Amino acid sequence: MATHPRQGKKATEEMAQELIELYARRRQATGYAFPPDGDWQRDFETRFDYDETDDQLNATAEIKQDMEKGWPMDRLLCGDVGVGKTEVALRAAFKCVMGGKQCAILAPTTLLAWQHYNTILSRMEAFPVKVEMMSRFRTAKQQKETLRGLQSGSVDIVVGTHRLLSKDVKFHDLGLVIIDEEQRFGVKHKEKLKENFIGVDMLTLSATPIPRTLNMAMSGIRDLSTIEQPPIERQPVETFVLEYNDVILAEAMKKELARGGQVYYLHNRVDNIEACAAHVSKLVPGARIGIAHGKMTEEELNPVWQHLLNGEIDILVCTTLIETGIDVRNCNTLIIEDADRMGLAQLYQIRGRVGRSGRKAYAYFTFRRDKTLTDIAQKRLSAIREFTAFGSGFRIAMRDLQIRGAGSLLGHSQHGHMEAVGYDLYVKMLGQAIARAKGEPVRRDKSECLVDLRVDAFIPEKYIADGPGRIEAYKRIAAIQTAEDAADVLDELIDRYGDPPPSVSDLVNVSLVRVQASAVGVTEVTQKKDTLTLQLESLDLPMIRGLLVAFNGRVTAGAGNRPYLSVTLQPDEKPLELLQSILKAMAEILNGGEKAKDSK
C-alpha cells in the first residue's frame, strides 16, 4: 500500500526549522579563520610513517579549507575502521595548535583515549606541543594540573572521555573539537558540545555514522568527507554467518593459533563469562585464555590488554568492550555469540577489530541453534555478510537507515517519519523544507508525484537473484529522468540479466511516468477500480478543453479541495498505457501553448 508523502511533510517542516535555527547560529557565529599551512605543518606531515592514500589527502585538504574559513566547521569524516582517520584528525589538531588555539579530542572509552594520547605523544614528540589526558587513568592531582593548564593555555591538546564536558573543564582558547567514534556518544553529550562551543570548529570521526548523523550529512546540513581506500597491504575480513557449532568454531580457533595468531571470542554476558571461558578452554586444549568485560576496573583491565599485546593470551573471551578497544594487529579471528542480538553498526565496528594487518582475517557471527531469527536480525546478519569490502562503513550506515529509519535529527529518537515515506524521499522532503525555511526556491522533484496504479511493478528474485544487484537496479530505475534514461536502463538490464519480465518493464515505466506527470503539474495519480484520478497543481482551462477534444469527452475535471482530472478505463485498457497517453497529450498541449506565446 502506498504511503502519501504528506504524512511526513509537517514533521519535516518542523524539523527543518529546528535545524535551520541551530545551524544558522553556527554559521552566524564568528569562527576563527586558521592561517594557511606553515613549515612546521609540512614537516609534521612528512614524518608520517606510511604513504597516504588519495582519500586521506583529499579529506585532509577539505578539513583544512573549512578551518581556514571565517565560520565554524562542522564536518563528518567517515571511513572504515583502520583506513587512517586518526592521522587526518591529527593533522587538523596540529594545524589548530600551530594557529595558536587549543584542541580537545573526545573518545568514548578510557581505553581509546589512552591509545589516542600515546599516538599523539609519539607523532608530536619532535614539536613543542603540550599534550595531556583527562580520564580515570589520571590521578586527581594530575587532573587538577591538566585543568589549570587548559585554563591558562599551557596545554595545547587534551584527550579524554565525556569527562571533558564537565563544568570544571574550562579552556583558555579552544579552536577545534574532534569527536572519535561518535556513534558511541549519547545525543545529550553531542548537543551539549554544540551548545557549549557554538563558535568552535567541530570534526566528527565515524566508521559507521549513526542514521541521525548520516541523514544530516546527506541532507547538506553538515559537510561530509569519506575515506574508502584501504592501506595497500590490507585484506577484507572473510565473514561467516552460521548456527553455533562447537566443531567449526574449535577448528577456526585452532587454525588461528597454529599460524601464530590470536582470537577474540565475544560472549556478551558478564554473569557467566567465566563458564564460557572454561568451555572455550575445553574446545582448544592448551590455549592461554584471558577474560575482559566492562565490570572490570581499569586496574584489572590494563594487565589483560598488556598480556594480549605481548602475545601472552591466545584467546580473549570478552564482551563488546573490544568494540572501541586498542589495536591488536595479531588478533585475526573473531567469534561472536548471539550476533543476532546486536545492531548492524555495532557488528560492523566489532568486526573492524580484526584484519588490521596484512594477514587474512576471519569473522564468525553465530546465533543459537534452532532459533528463529526476527526479520530485522536476518536483515542485519545478511547485510554484515554482504558488506565485507573496504569502504563499506558508509554503505552499512545507509542500510541501517533502510532497516531502522532515520529518526529525529536532533532529538533522542532513532525511529522517525522516514519509515513512513522511505529514506530517499524523506531526505528530499527535508531538503525542500530546509530550502523553504531559508527562503530559497524549491525545485520540483518527481518524488513529489505519487503514482498508485494497479500494476505489478517490482524486480523478482528470479530475474536478479543477488540482493546487491537488485538494490543497484532499483536505484538505477529510481534515478530515471528521461525516456533515454529509461531505454538505457532497460538495455543494461537485458545485457546483464536477459529480457526483463513485465513487472520490471512496468517499474521502469512508472518511474518515467512520475517524471512526466510532475513536469505537467500533476501531483498525484491514483486508481480506484476502473477510474484514474490525476490531482493537479492548478486548473488550466485550455488544458481541460484540449484533453476533452483529444479523448472524445472521456476526461472530466473538477475543483473540490484540489483541482483534478478523472477518466474511466475501457474494458481491457491498461492503466499505465492510458496514463502515458494522457500525460503525452498534456505535454503537447502545454508545448503548443508555449509555442503560441513565443510566436507572439
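## Close-up views of the predicted model

**View 1. Asp572 is exposed, with a relative accessible area of 82%.** Here exposed means over 50% relative accessible area, buried means under 20% and partly exposed lies in between (1.4 Å probe, protein chains only). This is a predicted model, in which local features need pLDDT of at least 70 and side-chain atom pairs count only at pLDDT 80 or more, while totals for chains, interfaces and linings use all residues. Residues are numbered from 1 along each chain as its sequence is written, and side-chain values use heavy atoms, with hydrogens and water left out. Asp572 is found in the loop between strand S18 (564–568) and helix H21 (575–599), where helices (H or I, at least four residues) and strands (E, at least two) are DSSP runs numbered from the N terminus. Although Asp572 is not a glycine, its phi is positive, at about 65°. Most residues other than glycine have a negative phi.

**View 2. Lys529 is another non-glycine residue with a positive phi, of about 55°.** Lys529 lies in the loop between strand S15 (522–528) and strand S16 (531–536), and with a relative accessible area of 66% it is exposed.

**View 3. Ring pairs link Trp40, Phe44, Phe94 and Phe127 into a cluster.** Rings of Phe, Tyr and Trp (its six-membered ring) pair if their centres lie within 6.5 Å, and planes under 30 degrees apart count as stacked, over 60 as edge-to-face and the rest as tilted. A search of the whole structure finds seven aromatic pairs. One of them is the stacked pair of Phe44 and Phe94, with 4.3 Å centre to centre and 5° between the planes. This pair links distant parts of the chain, since Phe44 in helix H2 (residues 39–46) and Phe94 in helix H4 (residues 85–98) are 50 residues apart. Both Phe44 and Phe94 are buried. Phe44 also forms an edge-to-face pair with Phe127, at 5.9 Å centre to centre and 70° between the planes. Here too distant parts of the chain are linked, with Phe127 in the loop between helix H5 (110–123) and strand S3 (131–134), 83 residues apart from Phe44 in helix H2. Phe44 has a relative accessible area of 0%, and Phe127, at 7% relative accessibility, counts as buried.

**View 4. The side chains of Glu87 and Arg91 meet in a salt bridge (2.8 Å, N to O).** A salt bridge is a side-chain nitrogen of Lys or Arg within 4 Å of a carboxyl oxygen of Asp or Glu, and the structure holds 25 of them. Glu87 and Arg91 are separated by about one helical turn because they are four residues apart in helix H4, and both are buried. The two residues belong to a network of salt bridges that also links Asp37, Glu45, Glu52, Lys64, Glu68, Lys95 and Arg123.

**View 5. Asp314 and Arg288 meet through their side chains in a salt bridge (2.9 Å, N to O).** Asp314 lies in the loop between helix H11 (298–309) and strand S11 (315–318) and Arg288 in the loop between helix H10 (273–283) and strand S10 (289–292), so the pair ties together parts that are 26 residues apart in sequence. Asp314 counts as buried at 14% relative accessibility, whereas Arg288, at 41%, counts as partly exposed.

**View 6. Asp66 and Lys69 are joined by a side-chain salt bridge (3.9 Å, N to O).** Asp66 is buried, with a relative accessible area of 5%, while Lys69 counts as partly exposed at 36% relative accessibility.
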